[in-house]
Amino acid sequence: MARQFGGFGGGMPNMQQLMRQAQKMQEQMQKAQEELDEKVYEASAGGGMVSCKVSGKRELLELTIKPEAVDPDDVEMLQDLVMAAVNEALREGEKTREETMGKMAPAGMGGMF
């Protein structure tokens, strides 16, 4: 009977090691999150008629509209160009975020679950 329980005490260092690994992974993920928040993504629409920059925090930082894109008789086209540029920049940021965080999770979580 003693043998069955003999390995129980040896499990504690493993739990401590898992906790250290989890803490390290959390710190790495936090650092990656901060780096992603600082990135800037750019996109344009209408052959460069409308361009924008968004932050990794998903905030619009800059919007540039060329004067020739402004047609008072076709405001809807300008609205569509603005939405297309902003949405493309946001998609690029989200794609980068998912790729970066996805690379971290499997390596760190794979042994835990």
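View 1. The largest cavity has a volume of about 40 Å³. A cavity is a set of points, on a 1 Å grid over the protein atoms alone, where a 1.4 Å probe fits but cannot get out. Its volume is the space filled by probe spheres set on the points, which are joined across faces, edges and corners. The count comes to one cavity of 30 Å³ or more.

**View 2. The lining of the largest cavity.** Lining residues have an atom within 4 Å of a point; among them are Tyr41, Arg58 and Glu94. Helix α3 gives the largest share, four residues, and both β2 (50-55) and α3 supply at least two. Helices (H or I, at least four residues) and strands (E, at least two) are DSSP runs, numbered from the N terminus.

**View 3. The open sheet.** Three strands lie in the order β1-β2-β3, with antiparallel pairing. Because β1 (40-45) and β3 (60-65) are edge strands with a single partner each, one side of each has no neighbour in the sheet. Two strands pair if DSSP finds at least two bridges between them. β1 and β2 are joined by six bridges, and serine 44 has serine 51 in β2 as its bridge partner.

**View 4. Glutamine 79 in helix α3 (residues 75-109).** Glutamine 79 is partly exposed because its relative accessibility is 44%, between the limits for buried (under 20%) and exposed (over 50%), with a 1.4 Å probe and protein chains only. Glutamine 79 and valine 50 are 29 residues apart in sequence and 9.8 Å apart in space, C-alpha to C-alpha.

Residues are numbered from 1 along each chain as its sequence is written, and side-chain values use heavy atoms, without hydrogens and water. In this predicted model, local features need pLDDT of at least 70 and side-chain atom pairs pLDDT 80 or more, while totals for chains, interfaces and linings use all residues.

Terms used: On a 1 Å grid over the protein atoms alone, a cavity is a set of points where a 1.4 Å probe fits but cannot get out, and a pocket is an open set with protein on both sides within 12 Å along at least five of seven lines; lining residues have an atom within 4 Å of a point.
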